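Trainee: I want to know what stands behind the labels we put on a structure. Can we go through some of them?

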Amino acid sequence: MLLLLSGAAGAASGTLENVWILRNGFTLTVNGRAVEADNLLLEDRAYVPLREAAAAMGMAVAWDPATRTASVSPRSAALRLAAPVDPFNPVVDLASLGVRAEDVEAIGLETAGASYVAVRFALEWDQLHMTDDQAAAEGRPVLALHTDYVLKLFTRTGGMLRVGFTTGGLPELTPTGRRQIVLVPPSPEQGFHWPYFLVLPSDGHRQANAGHRRYLIVDINNTGPSNSVADTVARTRVELERGQLPSARLAEELWAPMLMPAIPRPVITYRYGGQQNTFLTHALDRDTATLHLMMQEPGLAALLERQFRQAGVTVDSLMHLDRQVAAMIQHAVGYLNEHGFGVEEQAFLVGFSASGTFVDRLAALHPDQVKAVVAGAALDNMLLPLAEHGGERLIYPIGVADYEAITGRAFDLEAHNRVARLVYMGENDDSNTVLYQDSYGDEERRIITTLWGEEVLPRARALTALYGESGGHGMFILDRGVGHEYSEVMYQYMKAFLQANRDADAPAYPLPDDPEQLPFTLYAP
């Protein structure tokens, strides 16, 4: 079957005759590529096999012998990539598919249940890149993990190539000897709506920690108010890259992986029942911890839905934030151990200021997941293992009066005391959380000031005494001559505290080497 490239079209039937032809006397190219096929010149007219010429133009040829009719139509082909595609940086090598970038006119992507997947396509040489700047900024993969997709390539000649592929999973955690920061995307199906960072320590302190149990160190991002997930992720990454937080220093020196969520702190204030309250997610305040209970009251639920919508977040995404962080810990432990890091199931919680308050409260709400907690700048607002005092009901986060309503289980002092607990603050710390609208609601502030007044240091001392009277265990330290920070002596004690507890089966409370700098109160069995 021959294709006439110039002149009039032939009829469907004809007569036989002898002709003189020149074989392979010219070259036919399509989009710059030579067509590999025999050709003929007859009376200065060029002929090539129809099937080969059509294929070069992305077309398919069908022959009907009954009617002696050749039909040409756009070619549609399908194939599947054998190797998984990286969901965080999806790239497809077009050359391996027999396609050149300049041959592609349009591109589409679909998956089960969605005929259109919104990503940006970029052609670089013969590499097809799929990008989503917003997803990357928010810590989400460009494509879903472990998901089947079909890439549709439409050629300039009318053909279409369907390329099936499956995405891979999380990045491989490969030790390099250098400190690494890995961003893990949110996974609502596994219990957390926000991304978290994993920091893999360098090998600088590996030998010094050989032979000891290894624990994941967890801190909470304290990155300031922001309704933007992308901004929160960026700020959290910068904080981790600096590596100056006590948690980051301890993780590096104890050769421990570190987890830090990238949880936003949206500005949400509401007035209900004559009281005004503001959410402080980074401290796991009462509004955040009881959100699921507030949503059971229709009038309040409607108000909160409206306030959350204006802030650009959903109620569900911040519901049970304590459980979300607990789910991150469980996920991170599994992820690390899949790659041979050998970390224990429980974690070390380490925080300072708002994050110190968060980890103190998280340890109280989820004691079974915590081996030890170090809560800095939290002595004046730590949660007491006590339900009532001075005729006042000590609601969360002052005490445990409504612990069962929040967690679904009764408070267990024995489980609470199985967590090794270090709470400290600077003796001269004048950062008074009671005065801040976002730290406490009106009712919490009334209880605190009624019982202990507004002054920071007297309140810290009163809470320390009550902790022991209520049967709680822990080490409580006032770092002498220090404000809203910590001394190097205090830091070294934090390190010694975690070192003592990593190999202990029960909470260990080493005494400070310098009690003049670190006057302490210890409640222990």
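Mentor: Start with strand β22, residues 347-352, where six of the six residues are buried. Keep in mind that this is a predicted model.

Trainee: Which residues of β22 point which way?

Mentor: A347, L349 and G351 point one way, F348, V350 and F352 the other way, and all are buried.

Trainee: What makes β18 and β22 a pair?

Mentor: Pairing needs at least two bridges between the strands. Strand β18 (residues 216-218) and β22 have three bridges, in the parallel sense. So they count as paired. As one detail, L216 stands opposite A347.

Trainee: How do you know that β22 and β23 pair?

Mentor: By the count of bridges again. Six bridges join β22 to β23 (residues 370-376), and the two strands run parallel. At least two are needed, so this is a pair. G351 has A375 in β23 as its bridge partner.

Trainee: What kind of unit do β22, α10 and β23 make?

Mentor: A right-handed β-α-β unit. The helix in it, α10, covers residues 354-365 and includes A354.

Trainee: Why is A354 called buried?

Mentor: Its relative accessible area is 17%. Buried means under 20%, so A354 qualifies.

Trainee: Which residues does A354 contact, leaving aside its neighbours within four places in sequence?

Mentor: N222, H282 and A283. There is also a distance to T281: 73 residues apart in sequence, 9.3 Å apart in space, C-alpha to C-alpha.

Trainee: Is H416 buried or exposed?

Mentor: Buried, because its relative accessible area is 2% and the cut-off is under 20%. H416 lies in helix α12, residues 413-417. Not counting residues up to four places away in sequence, H416 touches A364, P367, P385, F411, R421 and Y467.

Trainee: Why is F520 called partly exposed?

Mentor: F520 has a relative accessible area of 30%. Buried is under 20% and exposed is over 50%, so 30% falls in between. F520 is found in strand β28, residues 520-523. With L511 and L522, F520 forms a nonpolar surface patch with about 240 Å² of accessible area together.

Trainee: Now the charged pairs. What makes R265 and D438 a salt bridge?

Mentor: Side chains of opposite charge can pair when their charged atoms come close. The limit is within 4 Å, nitrogen to carboxyl oxygen. R265 and D438 are at 2.7 Å, N to O, so they pass. R265 lies in the loop between β19 and β20 and D438 in the loop between β26 and α13, so the pair ties together parts that are 173 residues apart in sequence. R265 is buried at 17%, and D438 is also buried at 17%.

Trainee: How do you know that R286 and D402 form one?

Mentor: Their closest N and O atoms are 2.7 Å apart, so they are within 4 Å. R286 lies in helix α5 and D402 in the loop between β25 and α11, so this pair ties together parts 116 residues apart in sequence. D402 is buried, at 8%.

Trainee: What about E392 and R446?

Mentor: They meet at 3.0 Å, N to O, so they also count. E392 lies in strand β25 and R446 in helix α13, so the pair ties together parts 54 residues apart in sequence. E392 is buried at 16%, whereas R446 is partly exposed at 34%.

Trainee: How many salt bridges does a search of the whole structure find?

Mentor: It finds 21.

Terms used
Residues numbered from 1 in each chain as written. Predicted model: local features only at pLDDT ≥ 70, side-chain atom pairs only at ≥ 80, totals over all residues. Heavy atoms only, no water. Helix = DSSP H or I, 4+ residues; strand = E, 2+ residues; numbered from the N terminus. Buried < 20%, exposed > 50% of the residue type's maximum accessible area, 1.4 Å probe, protein only. Contact = heavy atoms within 4.5 Å. Right-handed = clockwise from strand over helix to strand, strands pointing away. Patch = residues over 30% accessible without salt bridge, like charges linked within 9 Å, V, L, I, M, F, W, Y side chains within 5 Å. Areas by Shrake-Rupley, 256 points an atom, 1.4 Å probe, with all protein chains shown as cover. Salt bridge = Lys/Arg side-chain N within 4 Å of Asp/Glu carboxyl O.
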